[in-house]
Amino acid sequence: MTAFINQQLINEMIITKAPIILGEGIPLFGKIEKPIKLLEANATAFPNDFIQVKYSVSY
């Protein structure tokens, strides 16, 4: 996915957050070449305590 971000081919991003603390983990993205703004957030909460956030991407 990082390659698509770096080529500015992503216009929407949906990230789901789980209520679990891992302590360590793999980064969600690799090296991003320049800053990205995430705009117009819209969140949905689910009965299992997951939260899904939908963003528009601006380069």
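This is a predicted model: local features need pLDDT of at least 70, side-chain atom pairs count only at pLDDT 80 or more; totals for chains, interfaces and linings use all residues.
A word on ground rules: residues are numbered from 1 along each chain as its sequence is written. Local features need pLDDT of at least 70, side-chain atom pairs count only at pLDDT 80 or more, totals for chains, interfaces and linings use all residues, and side-chain values use heavy atoms, with hydrogens and water left out.

Let's start with charges. The structure holds one salt bridge, meaning a side-chain nitrogen of Lys or Arg within 4 Å of a carboxyl oxygen of Asp or Glu. The partners are E12 and K54, at 3.5 Å, N to O. They link distant parts of the chain, 42 residues apart: E12 sits in strand β1 (residues 12–17) and K54 in strand β3 (residues 51–58). Strands here are DSSP E runs of at least two residues, numbered from the N terminus. E12 is partly exposed at 41% relative accessible area, and K54 is partly exposed at 37%; that class lies between buried, under 20%, and exposed, over 50%, with a 1.4 Å probe and protein chains only.

Now, β3 also pairs with β2, antiparallel over seven bridges; pairing takes at least two DSSP bridges. K37 stands opposite S58 in β3. In their hairpin, with five residues between the strands, D49 takes a positive phi near 75°. Of the nine residues of β2 (residues 37–45), zero are buried, so β2 lies largely in the open.

Thanks, everyone, happy to chat!

How values were computed
Helices (H or I, at least four residues) and strands (E, at least two) are DSSP runs, numbered from the N terminus.
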